[in-house]
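Work through the exercises below with the sequence and the model in view. Each task is followed by a solution in steps.

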Amino acid sequence: RFKFTGQVSLTREIGGRLGLAAVPSILFNPDELEEGEAPLIALGLGTRWNFYRNLALVGEWIPILSGYTRTRTFGNINRFDTWGGGLEIATGGHVFQIVVTNSVGLATDQYLRGGDLDIRDGDMRLGFNIFRILNF
């Protein structure tokens with residue numbers, strides 16, 4: 001069974017140092033093991049604050065507005081709104097991110113379905129991203 005996702009990314013930069021994002025999202029067939037489930041509707045909210053030259057703090061919160069309410073991630077049946085935050089370092093065309101999150105992955109159907117870890121218990125995952133900025 002296939003999953004279909006639709007997202008619209010709305011972003012705004014304020015004063016050259018602060019970026020805000022709102023990403024309305026819909027995911028059809030959120031759990032491939034279930035049949036006839038309602039689509040998942042979520043609203044991603046994110047920010048990026050460039051606080052010193054090439055250093056920035058990043059954060060996101062993705063509350064599920066309707067639809068899917070549970071996850072089977074790693075056998076857990078809990079579902080919490082996805083959240084993440086971290087430090088971003090830009091150097092010579094590359095950007096490195098060190099993040100903490102309650103989600104299991106970066107793919108859209110993984111983070112839209114919510115995380116399985118509860119920050120109130122001190123549970124989180126540590127992640128690392130690297131990507132290249134191409135300027136033509």
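**Exercise 1.** Does F96 count as buried, partly exposed or exposed, and at what relative accessibility?

Solution. This is a predicted model, in which local features need pLDDT of at least 70 and side-chain atom pairs count only at pLDDT 80 or more, while totals for chains, interfaces and linings use all residues. Residues are numbered from 1 along each chain as its sequence is written, and side-chain values use heavy atoms, with hydrogens and water left out. Buried means under 20% relative accessible area, exposed over 50%, and partly exposed in between (1.4 Å probe, protein chains only). F96 has 25% relative accessibility, so F96 counts as partly exposed.

**Exercise 2.** Describe the aromatic pairs formed by W49 with F51 and by F96 with F128.

Solution. Step one is the rule: rings of Phe, Tyr and Trp (its six-membered ring) pair if their centres lie within 6.5 Å; planes under 30 degrees apart count as stacked, over 60 as edge-to-face and the rest as tilted. The structure holds three aromatic pairs. One of them joins W49 and F51, tilted, at 5.5 Å centre to centre with 40 degrees between the planes. W49 is partly exposed at 42%, and F51 is partly exposed at 30%.

The pair of F96 and F128 is tilted too, with 6.2 Å centre to centre and 35 degrees between the planes. F96 lies in strand β8 (residues 94-101) and F128 in strand β9 (residues 125-132), so this pair ties together parts 32 residues apart in sequence. Strands (E, at least two residues) and helices (H or I, at least four) are DSSP runs, numbered from the N terminus. F128 has 52% relative accessibility and therefore counts as exposed.

**Exercise 3.** Which residues make up the largest nonpolar core?

Solution. A nonpolar core is a set of buried Ala, Val, Leu, Ile, Met, Phe, Trp, Tyr and Cys residues joined through side-chain atoms within 4.5 Å. The largest has seven residues: L27, L40, A42, I62, I64, Y111 and L112. At least two residues of this core come from each of β4 (40-52) and α1 (108-112). Contact means heavy atoms within 4.5 Å. Beyond its neighbours within four places in sequence, I64 is in contact with residues including L40, A42 and L112.

**Exercise 4.** Is T82 buried or exposed?

Solution. T82 lies in strand β7 (residues 82-91). Its relative accessibility is 0%, so T82 counts as buried. Leaving aside neighbours within four places in sequence, T82 is in contact with I62 and Y111, among others.
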